[in-house]
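Dear colleague,

Please find below the structure that I am handing over to you. My findings are set out after it.

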Amino acid sequence: MFSRRSFGKALGVGAGAAAAGPAVPHGTATAAAVPAAPVTAPAPGAPASFPAIKQIRAGVLDVGYAELGPAHGPVVICLHGWPYDIHSYADVAPLLAGQGYRVIVPYLRGHGTTRFLSARTFRNAQQSAIAMDVIALMDALKIHRAVLAGFDWGSRTADIVAALRPERCKALVSVSGYLVTDREANLKPLAPKAELAWWYQYYFATERGRLAMEDKTLRHELTRLVWDTVSPTWDFDDATFERTAAAFDNPDYAAVVVHNYRWRLSLADGERRYDGLEKRLAARPTISVPTVTLDAERDPFTAPGGGTTYRDRFTGPYEHRTLPGIGHNVPQEDPAAFAQAVVDADHL
């Protein structure tokens, strides 16, 4: 999930555009912009599912991803968080495909069918590494620009790409706003009530927490507890959770998750090759691409103030929306509102 600082203040990133591999020319996203149109909620019934998962080598990974919509439509890349997977977008993706978008939903590193190409690669989950995975995926798929949309880890990742590589980001949808981790701010304590919500971060900082993530039964119970806690109004069934929990059986899942949270608390190092990116992120750059930010009313991590704590980080066309009665997993709890935000951001 996202950084502790969002509880009391906006989080920071740094200025400038970062180079991370060559930009590719305009690829398949050549269709004219889809017209802005209202998005209709999916009909009740059996949970939506994706077609066969595709794989592509991108950077240090063999990335598993779902794809829906016309091959030459404007591209939307939807990014999941923790402890979630691509199925957070199982209802959102068909809605966007129906609007004419080519929708790409990748498993993040350490999740599902995404694998490291080399056993020697450090299982790094610092924020800039995950963001550069998205650039590498876009390069591999020959996608020059895309609308980026995410929640939790996905919000942070999309924010970073929009801030550091705006030429690759046509528009942005970011649940909880500006979520780039400020490690210096994370060293300072919050009020005890706020700290309580972040219990798993401190658990993962211990050897017991690491062992729990490696134990399938304990991992299953822990992640289910997080779902129940952060989405108190979402009436999901066991099958919905189990479908996502299968993605946690990735052999690198525990290492990636534990490193992500330890890195945020300055308890683990990243890789030196990302130092330049992290320096830029530490300077809190603004995001200039058209953006819609979403706050979920029942998410325990939503900062007070209706988006005011991070409003100054967005300098381009901008809208903010609060979703009443919705918890942390916004795209799965309210797929129509999330898909509408994507369409609207693309037309700001």
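Predicted model: local features only at pLDDT ≥ 70, side-chain atom pairs only at ≥ 80, totals over all residues.

Residues are numbered from 1 along each chain as its sequence is written, and side-chain values use heavy atoms, with hydrogens and water left out.

Helices (H or I, at least four residues) and strands (E, at least two) are DSSP runs, numbered from the N terminus. Buried means under 20% relative accessible area, exposed over 50%, and partly exposed in between, with a 1.4 Å probe and protein chains only.

Strand β6 (146–150) has five of its five residues buried, so it is largely enclosed by the rest of the structure. Ala146, Leu148 and Gly150 point one way from β6, whereas Val147 and Ala149 point the other way.

Two strands are taken to pair if DSSP finds at least two bridges between them. β3 and β6 run parallel and are joined by four bridges; here valine 76 stands opposite valine 147 of β6. β6 is also joined to strand β7 (residues 169–175) by five bridges, again in parallel, and leucine 148 has leucine 172 in β7 as its bridge partner. From β6 the chain crosses through helix α3 (residues 153–164) to β7 in a right-handed β-α-β crossover. Right-handed means that, with the strands pointing away from the viewer, the path from the first strand over the helix to the second runs clockwise.

Loop residues

A cis peptide bond, with omega about 0°, joins tryptophan 82 and proline 83. Proline 83 belongs to the loop between β3 (75–79) and α1 (92–98).

Lysine 142, a residue other than glycine, has a positive phi near 60°. It sits in the loop between α2 (127–140) and β6 and counts as exposed, at 53% relative accessibility.

Arginine 284 likewise has a positive phi near 60°. Its place is in the loop between α10 (275–282) and β8 (291–296), and with 28% relative accessibility it counts as partly exposed.

Threonine 121 lies in the loop between β5 (115–116) and α2. This threonine is buried, at a relative accessible area of 18%. Leaving aside neighbours within four places in sequence, threonine 121 is in contact (heavy atoms within 4.5 Å) with Val60 and Phe116.

Yours sincerely
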